[in-house]
Amino acid sequence: MTHQSPAPVILIEDDRDLLKATAQTLELAGFSVSAFSMAAKALAGIDSDFAGVVVSDIRMPEIDGLQLFDRILRLDPDIPVILVTGHGDVAMAVKAIKDGAYDFITKPFAAEGLAQSVRRAAEKRRLTMENRALREAGELAQDSLPLIGQTPAMERLRRTLRQIADTDVDVLVTGETGSGKEVVAGLLHRWSRRAKGNFVALNCGTLPETVIESELFGHEAGAFTGAQKKRIGRVEHSSGGTLFLDEIESMPVSTQVRMLRVLEMREVMPLGTNDVRPVDLRVVAAAKVDLGDPRQRGDFREDLYYRLNVVTVSIPPLRERRDDVALLFGYFAERAAIRFRRPVPAVPAAVQHHLRQHDWPGNVRELAHFAERFVLGLEEIGGSSSLRPADPDTVVSLPERLERYEAHIIRETLGRNGGDVRRTVEALGIPRKTFYDKLQRHGIVRGDFSKQSGVSELSAKALDAREKGRRQFGPG
């Protein structure tokens, strides 16, 4: 059974003797009490994330109980407020109940009566907060790599994103490969007033210098060889929405100069014209390195870094929030089961141990791929081959087994070649069109494997599984 922390109670009473006695009563009933003699000091500790109950006297100097209740109502109407009243204040308390106060208790009151009212209010607040968390998780789960997590670091991250989403400031997102930087950018867009505009993403590390300026700023017909017609650039297309620049540390220096001017002037000049076009721009940039460190920044312009660094959001790597791994694995396994039309297998002890002990250098993306292979029966942990069906009672046809194995080989080859199409196609010995057809059929996203160095996390285990698969399926 999960142990729950004592429900917090904020108690306000200007009579110091009564304040002390009431606080002791509530503490003996199992609550965590913060006692105040002035409402203004109590308000400093109350916001929409407050998970407890407010108990307040009505007649107090400066800010009385009804004024306090009105301010709490504006902070969060679901915070339960219990008003303690004298006999002459009952009519006011009844009106407050109609306005949304949780309860009122008349003086003198029985200790158990107060405790019972606070207990019911605390349970109501607990359910409210749980429902909010579930709704938030449901919203996040709509994304391909959701920011699911119950650790304090992830709660702070989601809270920060909510706070800055609608401010229109440019944001720099830092985090390791696979940590969910594009998800953060997508949420900043979706939670802002710009949500009706375009969310335009560009990976600065995948385009050569000769192409990236045309992609960003657009061009007129005839601006350069091959520019046969006018093209609207990503910057202009994102006007009114959000422009997401991933791996911005890879942006060529010449492009950085033009991008700095766009950010400062909020206008763009397409290639091949002197026309200046105003843009309603919000930029979210992402980097895998610390651009604030000159050693890591390299050729990245310092002035562009400071222009982008209005607000910085850091995504913690998965190894620093291990308590979220099981939750994320469950989510990805469920999603994979729906996608592949398979039941979620029971999780053996060896897999559970791997989830707890592995450092997950590829972060959430690596965990998502691991969950997919687990559901498909392709993951091998502790010397137990999973190329056999995940459910031993399920009979899998030979064509279906070959389909699974083919998808496994493609993923493994993409991983070994860092997502490079040319090298992967050469290693597989198939035409490029056939390769793309197979990616679409198996639901494989090539970009998930890009820029991985050396042999991916699929490597040793996947190669062993491949050999076992050949022996199991035969050379055909």
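Colleague: Which hand is the crossing of H13 and H15?

Modeller: H13 passes H15 in a right-handed crossing. Right-handed means the near helix is turned clockwise from the far one by less than a right angle, left-handed anticlockwise. Keep in mind that this is a predicted model: local features need pLDDT of at least 70, side-chain atom pairs count only at pLDDT 80 or more, and totals for chains, interfaces and linings use all residues. Residues are numbered from 1 along each chain as its sequence is written, and side-chain values use heavy atoms, without hydrogens and water.

Colleague: At roughly what angle do the axes of H13 and H15 cross?

Modeller: Roughly 50°, and the axes of H13 (residues 325-340) and H15 (residues 363-376) come within 8 Å. That makes H13 oblique to H15. Angles under 35 degrees count as roughly parallel, over 145 as roughly antiparallel, 65 to 115 as roughly perpendicular, and the rest as oblique. Helices are DSSP runs (H or I, at least four residues), and strands are E runs of at least two, numbered from the N terminus.

Colleague: Which residues of H13 meet H15?

Modeller: Among them are Phe329, Phe332, Ala336 and Phe340. On the H15 side, the list includes Leu367, Phe370, Ala371 and Phe374. Contact means heavy atoms within 4.5 Å. The residues of this contact divide into 16 nonpolar, no polar and two charged.

Colleague: And Glu334, where does that lie?

Modeller: Glu334 is in helix H13. It counts as partly exposed, at 47% relative accessibility. The cut-offs are under 20% for buried, over 50% for exposed and partly exposed in between, with a 1.4 Å probe and protein chains only.

Colleague: New topic. How many residues has the largest nonpolar core?

Modeller: It has 27 residues. A nonpolar core is a set of buried Ala, Val, Leu, Ile, Met, Phe, Trp, Tyr and Cys residues joined through side-chain atoms within 4.5 Å. Leu216, Val235, Leu245, Ile248 and Met259 have the most contacts inside this core.

Colleague: Which element gives the most to this core?

Modeller: H10, with four residues.

Definitions and conventions
Axes are lines fitted to C-alpha atoms, for helices over the stretch in contact, and angles run from 0 to 180 degrees between N-to-C directions. Ala, Val, Leu, Ile, Met, Phe, Trp, Tyr, Cys and Pro count as nonpolar, Asp, Glu, Lys and Arg as charged, and the others, Gly among them, as polar.
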